[in-house]
Amino acid sequence: MNGKLQVPDDIRTLPMLPKPPELNPVENIWQFMRDNRLSNRVFKSYKEIPDLYCRAWNKLVEQPWTIMSIGRRDWAHRF
């Protein structure tokens, strides 16, 4: 072996985007948090921001089925 990947003739490789959200479910979790708990807010101080984020995160953690549905990738379950 020469250390290089040997790609069979019947397989085609495709370049990936640097941050494909379809492969990174955490991106979708943060989008859900922004859409449902963290948008359209005015903060009184910087101290309020981490407290709000912690409360929003803890609320989401109490809903494991919501997390699973956000992070599920249908293409990963077809095989």
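Student: Is Lys47 buried or exposed?

Tutor: Lys47 counts as exposed, because its relative accessibility is 60%. The terms follow cut-offs: buried means under 20% relative accessible area, exposed over 50%, and partly exposed in between (1.4 Å probe, protein chains only). Please note that this is a predicted model, in which local features need pLDDT of at least 70 and side-chain atom pairs count only at pLDDT 80 or more, while totals for chains, interfaces and linings use all residues. Residues are numbered from 1 along each chain as its sequence is written, and side-chain values use heavy atoms, with hydrogens and water left out.

Student: With which residue does Asp51 form a salt bridge?

Tutor: Side chains of opposite charge can pair when their charged atoms come close. A salt bridge here is a side-chain nitrogen of Lys or Arg within 4 Å of a carboxyl oxygen of Asp or Glu. Asp51 pairs in this way with Lys47, and their closest N and O atoms are 3.2 Å apart. Asp51 is partly exposed, because its relative accessible area is 34%.

Student: How many helices and strands does the protein chain have?

Tutor: Helices (H or I, at least four residues) and strands (E, at least two) are DSSP runs, numbered from the N terminus. The protein chain has 3 helices and 0 strands, giving the pattern α-α-α along the sequence. Of its 79 residues, 11% are buried.

Student: Which residues make the nonpolar surface patch?

Tutor: Patches are made of residues with over 30% relative accessible area and no salt bridge; like charges are joined within 9 Å, and nonpolar side chains (Val, Leu, Ile, Met, Phe, Trp, Tyr) within 5 Å. Accessible areas come from the Shrake-Rupley method with a 1.4 Å probe, and for residues only the protein chains shown count as cover. In this model, Val26, Trp30, Phe43, Tyr53, Trp57, Val61 and Ile67 form a nonpolar patch of about 580 Å². The elements giving two or more residues to that patch are α1 (25–36) and α2 (48–61). The most comes from α2, with 3 residues. Val61 is placed in helix α2, and Val61 counts as partly exposed because its relative accessibility is 44%.

Student: What is the phi of Asn40?

Tutor: Most residues other than glycine have a negative phi. Asn40, a residue other than glycine, has a positive phi near 55 degrees. Asn40 lies in the loop between α1 and α2, and Asn40 counts as exposed because its relative accessibility is 81%.
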